[in-house]
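Good morning, colleagues. Please look at the model on the screen while I describe a few of its residues and then the chain as a whole.

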Amino acid sequence: MHALLVEDDDRMAQALGTALAQRGHTVRRVGRALDALRFVREAEFVLLDLGLPDLDGLDLLRRLRTVCDAPLIVVTARCEERDIVQGLRAGADDYVVKPFRMAELIARIDTVRRRTGASAGRFESHTADPAAGGRPVRAGDVEVDLAGRTVTVAGAGVRLTRREFDVLAFLAARPDEVHSREEILDRIWGDAFLAASRSLDVHVAGIRAKTGRPGLVRTVRGFGYQLGAPAVRDDER
Ligand code: CA
């Protein structure tokens, strides 16, 4: 699973990162609260140190909980009962006090993950617009079923990656609007200023290629994208 490790101490981060990697997890380590907020949406579980340089850990914990419900364990030197109670009240699933035995932390991670039923399914992005309702959105001969998360071209199913579908669904939910790159990055990647900027282009290219309808996503130069009305190629008429 993919872990977000929020820890400003390099040696501690190194030890934790190695232990998690040995258990088969992938790890993104960040040392600042700002970066934790930036990357939390991709995390399947979170280890959070409370003593961070740029924001109090409990404040960060509350903020993380507004955007992410992944299992979260506080790993901290703060050992007062008051701190532990506050941490749990703020939304931590467990609380481990430094110094700790690595085996114990790993066991607690496994327990929390089991208890919270961590699975890929609960981290589906929330991009489908409920207001768009049950009917598929049509663009030329392309149908995008937002609820069923399927795409057909001329009646035949097309397999998109989850992110590709998220981007297409986001445009299809409001087909009359042009969406800025920042808006799309913010909604799908959770960060308007991410290095994912390049990644958005790659996903749009993927949508165009896999559907065989380059006009399905219209580029509005210097601004963003809109759902297009793709022409059917002559040889398919
Ligand atoms: Ca610290």
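Arg-187 belongs to helix H7, which covers residues 181-189. Helices are DSSP runs of H or I with at least four residues, strands are E runs of at least two, and both are numbered from the N terminus. The model is a predicted one, in which local features need pLDDT of at least 70 and side-chain atom pairs count only at pLDDT 80 or more, while totals for chains, interfaces and linings use all residues. Residues are numbered from 1 along each chain as its sequence is written, and side-chain values use heavy atoms, without hydrogens and water.

Buried means under 20% relative accessible area, exposed means over 50%, and partly exposed lies in between, with a 1.4 Å probe and protein chains only. Between the C-alpha atoms of Arg-187 and Asp-166 the separation is 9.2 Å, and these residues are 21 apart along the chain.

Helix H7 also holds Arg-181. With a relative accessibility of 18%, Arg-181 counts as buried. Its side chain and that of Asp-201 are joined by a polar contact of 2.9 Å. A polar contact is a pair of N or O atoms within 3.5 Å; within protein, one must be able to donate a hydrogen and the other to accept it, and residues adjacent in sequence count only if both atoms are side-chain atoms.

Of its 237 residues, 45% count as buried.
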